[in-house]
Amino acid sequence: ELFVQYLATYSYKHGRGKEKSALTYSDLSHTAEECETFQFLADILPKKILASKYLKMLEKEKRDGEVRENDEEDEEEDDDEEESVEDVGS
């Protein structure tokens, strides 16, 4: 209980709570990201983003993952070619 009270009080004082006379989720997520004491809560209290932005992020990660996989496959093919050239020369 004391921890939750401390988190709420800290977020209220360091966020926009005083301006609005209310504690908001964004105050809590900002505290979790910015304060080292609450850094472990960053995964639990992420910043809100629009679903469209999230979907774009997922799409980008998927494309980046495909590019990396293709690069790794190209490197493996190059390694195989080098080995067969060495075998021929022996």
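Modeller: Start with Lys 47, which forms a salt bridge with Glu 33. The closest N and O atoms are 4.0 Å apart. The pair links distant parts of the chain. Lys 47 sits in the loop between α3 and α4 (51–89), while Glu 33 belongs to helix α3, and 14 residues separate them. Bear in mind that this is a predicted model. A search of the whole structure finds one salt bridge. Side chains of opposite charge can pair when their charged atoms come close.

How accessible are the two partners? Lys 47 has a relative accessible area of 45%, so it counts as partly exposed. Glu 33 has 32% and is partly exposed as well.

Now turn to the largest pocket. Lys 47 is one of its lining residues. The space inside comes to about 220 Å³. Helix α3 (residues 25–34) gives the most to the lining, with five residues. Other parts of the lining include His 14, Gly 15, Arg 16, Thr 24 and Lys 48. By type, the lining has six polar residues, four charged and one nonpolar.

A nonpolar patch also lies on the surface. Ile 49, Tyr 54, Leu 55, Met 57 and Leu 58 form this patch. Together they have about 480 Å² of accessible area. Tyr 54 is placed in helix α4. Its relative accessibility is 43%, so Tyr 54 counts as partly exposed.

Note on methods. Residues numbered from 1 in each chain as written. Predicted model: local features only at pLDDT ≥ 70, side-chain atom pairs only at ≥ 80, totals over all residues. Heavy atoms only, no water. 1 Å grid on protein atoms, 1.4 Å probe; cavity = no way out; pocket = protein on both sides within 12 Å on 5 of 7 lines; lining within 4 Å. Points joined across faces, edges and corners; volume = space filled by probe spheres on them. Helix = DSSP H or I, 4+ residues; strand = E, 2+ residues; numbered from the N terminus. Nonpolar A, V, L, I, M, F, W, Y, C, P; charged D, E, K, R; others polar. Salt bridge = Lys/Arg side-chain N within 4 Å of Asp/Glu carboxyl O. Buried < 20%, exposed > 50% of the residue type's maximum accessible area, 1.4 Å probe, protein only. Patch = residues over 30% accessible without salt bridge, like charges linked within 9 Å, V, L, I, M, F, W, Y side chains within 5 Å. Areas by Shrake-Rupley, 256 points an atom, 1.4 Å probe, with all protein chains shown as cover.
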